[in-house]
Structures are given as C-alpha cells and as structure tokens.
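Subject: Handing over a structure

Hello,

Here is the structure I promised to pass on to you. Have a look at it first, and then read on for what turned up in it.

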Amino acid sequence: MSPDRHISSEDTLRVSVLSEALPYIQRFAGRRIVIKYGGAAMVREDLRDAVFRDLALLACVGVQPVVVHGGGPEINQWLEKLAIEPRFQDGLRVTCPDTMDVVEMVLVGRVNKQIVNGLNRVGGRAVGLSGSDGGLVQARTMGDGTLGVVGDVARVDPSVLSPLLASGYIPVISSVAPNADGLAHNINADTVAGELAAALQAEKLILLTDTPGILRDRNAPTSLIRQLSLSEARQLITDGVVEGGMTPKTECCIRALAQGVKAAHIIDGRVAHSLLLEVFTNAGIGTMVVGSPGLLHA
Ligand code: ADP
Ligand code: MG
C-alpha cells in the first residue's frame with residue numbers, strides 16, 4: 001500500500017464513531033428538535049463555532065433543528081451604551097418602550113444575523129425570523145403590564161417553518177413578537193422555544209444554558225438532577241429549588257411536555273458539542289424532563 005493510502009488510527013476512530021451514530025441518525029432524521037440557544041455558548045467564540053457545527057451536522061443528516069435565541073449580554077451592552085439601566089424581576093427583563101427599541105434592534109437586527117451568518121459560514125443554510133414573520137408568534141402582555149412590553153406567547157402559527165424545514169433550512173428565531181395590535185413585545189426565549197416545540201410537535205426541546213442543568217442546590221454543580229417527571233419538576237418550582245432564570249426554563253419544559261413534546265432537556269452550553277452529546281448518546285447530558293415517569297433516556 002502506498003504511504004498516501006495509509007489509514008491512521010484517527011481515521012479508524014472517526015469511521016467507527018460515525019458508524020455508531022447510525023441508530024441515532026435514523027431515530028431523529030426527519031424529526032424536529034427545538035433548541036434555545038443562549039449563555040456562554042453564544043458568547044465564547046470556540047463554543048459558538050462548536051454549536052454552529054453541531055447544528056449544521058444535525059441538519060446535514062436530516063434532523064430538523066429549529067433555533068430560538070435570546071441575547072442577554074448583547075442587549076445589556078447596548079443598554080449601557082445608551083445609559084439605560086437593565087432591570088429584572090423573577091428572571092424576566094422589565095421592558096419599558098425605550099428598552100424595547102433596543103431589544104428589538106439588537107435581537108432581530110444584530111444577534112439574529114450573527115447566528116445566521118455563523119451557521120452559513122460552517123455550511124448550514126440558515127434563515128432568520130422573528131415572531132412577526134409569517135405570523136409565527138403572537139404575544140400577549142404579561143400580567144398587569146408592570147413589566148412593560150414583556151409578553152407571553154398568545155399563539156403560534158408554525159406554518160411558515162414547514163417549507164423551510166422541508167428544504168433543509170435551519171430557522172433561527174428571535175424572541176420578539178407583536179401583540180394583536182402589532183406592538184412589539186419581548187418574550188423570554190425559553191418560553192418561545194417551549195411553545196414552538198409544542199406547536200411543531202417536536203421530538204425534543206433542548207435549552208442550552210450556563211449550568212450543568214437543574215441543580216438540587218444551585219451552588220453545588222455536583223447536585224445535578226439527571227431526570228425529572230412533570231410533577232417532580234412542578235414541585236421543584238413550588239419548593240423554591242428552582243428560581244430566577246431557571247423558572248421560565250422549567251415551566252416551558254413542563255408546558256411543552258404537557259402538549260406532546262417527547263422530552264425536554266436543560267443542558268450545559270459551556271461543554272463543547274453538548275448538543276451532539278445530548279442527541280447522539282444514550283446517557284445524554286444535563287437534566288431531562290419527561291412526561292411519564294420511568295421513561296428511559298429519550
Ligand atoms: P439563560 O441566559 O441561559 O436563560 P438564566 O440566567 O436566565 O440563563 O437562568 C439560569 C440561572 O438560573 C442559573 O445561572 C442560576 O443562577 C439560576 N438557577 C436558579 N435555580 C437553579 C437551579 N435549581 N439549578 C440551576 N440553576 C438555577
Ligand atoms: Mg434566561
């Protein structure tokens with residue numbers, strides 16, 4: 001055999017890993033997976049590229065990823081430049097009209113396009129959307145309006161996504177949506193991801209964040225809860241084990257599962273390729289919430 005025909009141990013390893021991925025690819029090909037993208041995975045360049053490559057790979061093997069993103073740090077940077085103080089209540093951003101202008105410009109204009117460009121650069125075919133496009137998401141002002149133009153999801157019409165997904169495009173959706181009067185609202189991206197997953201009857205909802213998952217003691221990374229039933233997840237909110245930004249995450253997992261999504265996962269976006277580790281391994285990573293207790297890893 002000539003030297004250039006030599007098959008290295010790396011080659012052998014790559015081929016065997018690919019071959020082992022076959023059952024997972026077969027299981028998820030043609031299925032929808034909704035991913036909330038945020039946290040360090042959006043900020044750190046190495047992690048960002050790993051996420052883009054994971055998403056491009058999923059799309060390449062026929063899985064249909066749908067990306068929903070927030071833009072926390074970037075919004076705060078622009079608010080600071082404009083001398084507007086960011087405020088939060090129960091993990092949700094208090095959004096006055098001035099803040100909303102910034103949220104909309106940053107999320108829909110800048111962060112969305114950065115993600116689309118990043119995905120396209122690694123060979124994915126991404127299309128950016130906000131809640132407005134094709135009437136995808138309609139917002140309803142949350143509570144009594146004291147949080148400002150902060151919305152809940154009133155309704156989702158995912159029909160604009162079907163032709164995109166069928167053609168292999170990766171929809172990238174920013175969590176800004178108009179209410180019935182066309183007034184732009186800021187919606188927590190976890191909440192949008194959960195409702196979209198339900199409307200799309202997604203196989204999985206995956207929330208990328210900066211903790212290992214749901215922790216029994218939020219100061220102890222080793223206290224990760226690997227699997228939860230719906231009722232256990234509800235109990236963690238009632239008991240105050242889950243609070244702050246983890247509350248909308250846990251709630252949206254519960255709502256998505258109650259509406260037919262098979263499994264919801266809260267995973268550590270600080271771990272490179274955490275998405276592939278979740279989809280392509282039996283053990284999975286992070287916290288998995290399932291509709292019926294005792295279900296094996298989905
Ligand atoms: P993201 O930007 O990904 O939406 P958030 O900051 O909104 O992240 O939410 C995650 C935060 O929730 C964690 O950093 C942590 O401070 C908080 N948190 C509250 N309760 C828990 C818990 N039980 N386990 C893990 N994190 C928790
Ligand atoms: Mg959050």
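Let me begin with the sheet. Four strands make up an open sheet of mixed pairing, ordered S6-S7-S10-S9; strands here are DSSP runs of E with at least two residues, helices are runs of H or I with at least four, and both are numbered from the N terminus. Two strands count as paired if DSSP finds at least two bridges between them. The edges are taken by strand S6 (137–141) and strand S9 (176–178), each with a single partner strand, so one side of each has no neighbour in the sheet. From one strand to the next, the twist averages 55°.

Before going further, please note that this is a predicted model, in which local features need pLDDT of at least 70 and side-chain atom pairs count only at pLDDT 80 or more, while totals for chains, interfaces and linings use all residues. Residues are numbered from 1 along each chain as its sequence is written, chains are lettered from A and ligands numbered from 1 in the order in which they are written, and side-chain values use heavy atoms, with hydrogens and water left out.

Val137 stands opposite Val156 in S7. Helix H8 packs on this sheet, where it touches S6, S7 and strand S10 (184–187), and its direction makes about 5° with that of S7. Contact means heavy atoms within 4.5 Å, and angles run from 0 to 180 degrees between N-to-C directions, with axes fitted to C-alpha atoms, for helices over the stretch in contact.

H8 (residues 189–199) also packs with helix H10 (residues 246–258), at about 10° and with the axes 8 Å apart. That makes the two roughly parallel, a term for angles under 35 degrees. H8 contributes Asp190, Thr191, Gly194, Glu195 and Ala198 to the contact, and H10 contributes Pro248, Lys249, Cys252, Arg255 and Ala256. By class, these residues are four nonpolar, two polar and four charged; Ala, Val, Leu, Ile, Met, Phe, Trp, Tyr, Cys and Pro count as nonpolar, Asp, Glu, Lys and Arg as charged, and the others, Gly among them, as polar.

I hope this helps you find your way around.

Best wishes

How values were computed. Angles under 35 degrees count as roughly parallel, over 145 as roughly antiparallel, 65 to 115 as roughly perpendicular and the rest as oblique.
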